[in-house]
Amino acid sequence: MLSSLSTIAIVVLVIALIYQYFIFPYFFSPLSKIPNAHLTSPITSLWISHKRKTGNEIKTIYSLHQQHGPVVRLGPNELSVNSIDGLRTIYTGGFEKTPWYRDIFVNFGTDNLVSTQEYKPHSIQKRMLSNVYSKSYLQNSPDLQRVSSSIVVGRFLPLLGKLAQERESVNVLPLLQGLGQDFTSAYLFGSRYGTDFIHDVAKREHWLDMYEKFKVSHPKDRSFGEFERWCLALCDKVSNNLKEGKARSDQGTQPVVYAQFYRCLEKNPENWERKRLVLASEMLDHLIAGHETSGITFTYTLWELSQRPALQARLRAELLGLSPNLRNRSPEKEKDGALPSAQSLDNLPLLDSIIRETLRLHTPVPGPQPRFVPSSSQPVNIEGYTNIPGGTIVSSSAFCLHRIADVYPNPDEWLPERWLNPDDSNSEAMKRLFWAFGSGGRMCLGSNLALQSTSFSPTTSYRAALIPKVTVIKLVVAAIYTNFTTSIVDDEGIEQEDNYIAPPKGRKLVLQFTSVSQR
Ligand code: HEM
């Protein structure tokens, strides 16, 4: 009797398990109507995890969307979404980040803007920092002006002039990552503590080497390793100066971002040790976000232009119309001359279309941005699939969005002219789908409002954002092509990695710079 009861219990249990783990996910789950990435996707994430581990995630997801449309089920509890409606629902609907961000981006075991999952602490911290990255602040910042002038005119153009004169080619990826780092560090910490990676090649190589190791180690293993200790030591120096009231009398520029965050945290009752790590975690996050993404954008802009001498000439003609322009600027003359304003650079249509098209096709952050569907009483529907359960992971990626062929015809081709005709009926859709900086409350803090004007951003709740970067990218590209032509010497391995942040696989693009006056 007892044994037949236990047999029945076992049978019932087996049926329940089969129902829960096979029948329900395949046939009755609200996700069961969504096309599967793989036969096993409703019951296990093994298939997509394998693609991730082998560096094939992004392109695999792209081809799935080409086959199956805007929504694909990647795992029992995970969807990829590729449409403007999906973007709106997910990224402006208060969906929180998944633990993946914390696992990858936390520094010193302490959260920062990128790693924070929860809405409220993130939003409080972002408000503390958005002001110094807002368009109006940056446009009027004398510190940013001085930093820009000393880096572009004082360091970068003379170096290019020397390379051109000596007919020496150069790997522009590390050079331009270094330039991005020089800008970001000077804006964060003040010029006294900013790096000079344009000149100091040994330090730059060591730093980039530390960064490559840092990127692939687990936050627990890298915590307080060489890279983190370097940043903490820098932050401590700036904190000591601020405590002693020295920052203002500093000969160089102000530590704009650091001082802003330091002052906001001063009001916070937490102990100093905790604040010290919060400050350092946030600063390291900006340094990481600032140097590599900019370096990638520069590299692909130069790579595309180097294949098109006629386009370089058209761009130069546009750049020479700037007033003042960037022709023959030298560090000595610099004291007398201002740089072209951010607005005047933004008003150059060809320059804008070139940078924008590069950010579309070679987007530096092509990887999926995962979020959780909230467990709210409101049903969540995406692209006609209804009642998506709370806790489901949903993500979109700039790589896939930027290749929707109905909006960007010939999506794999670099065609800056697609951005040049504002009357084109497609132009609104192109702007709404442009996602190089993400959207919503978690949109890039360093993104450029000029590129993300209100009509441009898919739906931005933070109107802040932006600097050094696109303004800087435009300034640097303008400085280069006003004075030089570029040609490719070695572009082996130029294809982008299949990674969240995606530099060229070969980590190089070797170019020859030729001075316009030498030709
Ligand atoms: C071409 C250059 C850049 C690109 C393409 C880029 C792209 C992005 C993207 C796609 C995100 C959103 C990630 C998400 O949704 O989770 C992001 C976030 C962020 N970026 Fe950038 N970024 C760039 C430059 C910068 C610079 C220069 C800085 C600062 C100096 C910066 C600071 C940040 C920060 C702090 C976040 C986190 C924002 C938040 O979660 O609220 N980025 N960036």
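Which exposed residues does the face of α15 turned away from its buried side carry?

## Overall fold

This is a predicted model. The secondary structure of the protein chain consists of 21 helices and 7 strands. Its radius of gyration is 25 Å, close to the 24 Å given by the globule rule for 519 residues, so the chain is as compact as a globular protein of that length.

Along the principal axes, the C-alpha atoms fill a box of roughly 100 × 55 × 40 Å. Of the 519 residues in the protein chain, 55% are buried.

## Helix α15

Helix α15 covers residues 309-320, which is 12 residues. From its first C-alpha to its last it reaches 17 Å, close to the 16 Å expected at 1.5 Å a residue.

The buried residues in α15 are Leu-311, Gln-312, Leu-315, Arg-316, Glu-318 and Leu-319. Seen down the helix axis, the buried residues fall within an arc of 160°, so they line one face of α15. Pro-309, Ala-310 and Ala-317 are the exposed residues on the face turned away from that buried side.

## Largest cavity

The structure contains 4 cavities of 30 Å³ or more. In the largest cavity there is about 900 Å³ of space. Its lining is made up of 48 residues, and those nearest the centre of the cavity are Val-114, Ala-289, Cys-444, Leu-445 and Gly-446.

At least two lining residues of the largest cavity come from each of α5 (99-105), α6 (119-130), α9 (172-189), α14 (272-306) and α21 (468-483). Helix α14 gives the most to this lining, with 10 residues. By class, the lining of the largest cavity holds 28 nonpolar, 13 polar and 7 charged residues.

## Largest pocket

The volume of the largest pocket is about 1,000 Å³. It is lined by 36 residues, of which Trp-100, Ile-104, Phe-105, Asn-499 and Tyr-500 are the closest to its centre. Two or more lining residues of the largest pocket come from each of α2 (46-53), α3 (57-68), α5, α10 (201-216), α11 (219-222), α14 and β5 (393-395).

Helix α10 gives the most to the lining of the largest pocket, with 5 residues. The classes in this lining are 14 nonpolar, 9 polar and 13 charged residues. Helices α5 and α14 are among the elements that supply residues to the linings of the largest cavity and of the largest pocket.

Definitions and conventions:
Residues are numbered from 1 along each chain as its sequence is written. This is a predicted model: local features need pLDDT of at least 70, side-chain atom pairs count only at pLDDT 80 or more; totals for chains, interfaces and linings use all residues. Side-chain values use heavy atoms; hydrogens and water are left out. Helices (H or I, at least four residues) and strands (E, at least two) are DSSP runs, numbered from the N terminus. The expected span of a helix is 1.5 Å times one less than its number of residues. Buried means under 20% relative accessible area, exposed over 50%, partly exposed in between (1.4 Å probe, protein chains only). The arc is that of the directions from the helix axis to the C-beta atoms. On a 1 Å grid over the protein atoms alone, a cavity is a set of points where a 1.4 Å probe fits but cannot get out, and a pocket is an open set with protein on both sides within 12 Å along at least five of seven lines; lining residues have an atom within 4 Å of a point. Grid points are joined across faces, edges and corners, and a volume is the space filled by probe spheres set on the points. Ala, Val, Leu, Ile, Met, Phe, Trp, Tyr, Cys and Pro count as nonpolar, Asp, Glu, Lys and Arg as charged, and the others, Gly among them, as polar. The radius of gyration is taken over C-alpha atoms; the globule rule is 2.2 Å times the number of residues to the power 0.38.
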